[in-house]
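Open the model in your viewer and keep the sequence panel beside it.

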Amino acid sequence: MGIRKNIVVGISGASGAIYGVRLLEALNAAGVETHLVISPDAERTIQIETPYSVDQVRSLGSKCYDYHDVGGAIASGSYLIDGMIIAPCSIKTLSAVANSYNDNLLVRAGDVCLKEKRKLVLMVRETPLHLGHLRLLTDVAQIGAIILPPIPAFYHLPESIDDLIKQTVGKVLDQFQIEHKLFKRWKGNTKIDDSSRWPELVNA
C-alpha cells in the first residue's frame with residue numbers, strides 16, 4: 001500500500017462552491033487526508049449555491065482550520081503536505097496569492113506551497129477576464145502555481161451539471177496522480193451518434 005496523500009483544500013468566495021464540495025468528496029473516496037480552510041465569503045456562497053450547510057462541508061475535511069489563524073499547522077513549510085487546491089479560487093484570493101499577501105490561513109497555506117515547491121492548483125472562477133486578471137494569472141503561473149479553471153468539457157458526453165463538475169474535479173485529481181472514475185477519458189476521435197442526449201441541438 002502506498003503512502004497516504006495529504007492535501008490542503010481551500011474554498012474561497014467565488015461562485016462555484018460545489019467544486020470544493022465535490023473535490024472533498026472525491027478526495028475522501030480516494031483515501032486522501034484533507035486539511036480544509038473555508039473563507040467567510042465561501043461560507044455565504046455555500047449557503048446560497050448548494051444544498052449543504054457549512055457544517056456539513058466542514059465535516060468532509062479530515063482536519064479543519066480557522067481561516068483567520070495564520071499560525072495553523074499548514075502555515076509552516078515544516079508541516080509536510082503533498083500540495084494544495086483552491087476550489088473555487090476568487091480573484092481576490094488569486095490577487096493575494098500572486099502578491100504573497102498572507103493575511104489569512106488560506107492564502108498563507110498557498111504561499112507556503114509555492115515557496116516549498118509543492119503543487120498549488122488554482123481553480124480560478126471569473127468571466128470575462130480583464131487585463132488586470134490576466135496579469136495576475138501570469139504572475140502566479142510564473143511563481144509556480146497551476147491554473148486550472150472550471151471550464152466544462154463535452155467529449156465525455158455529460159448528462160447533467162454534476163457530470164460537468166466531476167470532470168473538472170477529475171482533472172484536478174489528475175494533477176496529483178490520484179486514481180478516480182469521475183469521467184470517461186478521451187480515447188480518440190469518435191462521433192456522437194446518440195441524438196437522445198441533446199435533442200434540442202440535433203433538431204436545431
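Two strands count as paired if DSSP finds at least two bridges between them. The model on screen is predicted.

**Stop 1: E1 and E2**

Select residues 6-11, strand E1, together with residues 33-38, strand E2. The two strands run parallel and are joined by six bridges. Pick Asn 6 and look across to E2, where Glu 33 stands opposite.

Now show the side chains of E2. Which residues point one way from E2, and which the other? Glu 33, His 35 and Val 37 point to one side, while Thr 34, Leu 36 and Ile 38 point to the other. All of them are buried. Because six of the six residues of E2 are buried, the strand is largely enclosed by the rest of the structure.

**Stop 2: E3**

Next, select residues 63-65, strand E3. E2 and E3 are parallel, with three bridges between them. Highlight Val 37 and then Tyr 65, its bridge partner in E3.

**Stop 3**

Move to residues 83-89, strand E4, and residues 119-124, strand E5. Five bridges connect E4 and E5, which run parallel. At Cys 89, the bridge partner in E5 is Val 124.

How many of the six residues of E5 are buried? Five are, so E5 is largely enclosed by the rest of the structure.

Leu 122 has Ile 147 as its bridge partner in E6. Display residues 131-142, helix H6, as well: E5, H6 and E6 make a right-handed β-α-β unit.

**Stop 4: the cysteines**

Finish by selecting Cys 64, Cys 113 and Cys 89 and showing their sulfur atoms. How many disulfides does the structure hold? There are zero. A disulfide requires two cysteine sulfur atoms within 2.5 Å.

Start with Cys 64. The closest cysteine sulfur is in Cys 113, 17 Å away, which is too far for a bond. Cys 64 counts as partly exposed because its relative accessibility is 37%.

Continue to Cys 113. The closest cysteine sulfur to that of Cys 113 is in Cys 89, at 13 Å, again too far for a bond. Is Cys 113 buried or exposed? Cys 113 has 0% relative accessibility, so it counts as buried.

Note on methods
Residues numbered from 1 in each chain as written. Predicted model: local features only at pLDDT ≥ 70, side-chain atom pairs only at ≥ 80, totals over all residues. Heavy atoms only, no water. Buried < 20%, exposed > 50% of the residue type's maximum accessible area, 1.4 Å probe, protein only. Helix = DSSP H or I, 4+ residues; strand = E, 2+ residues; numbered from the N terminus. Right-handed = clockwise from strand over helix to strand, strands pointing away.
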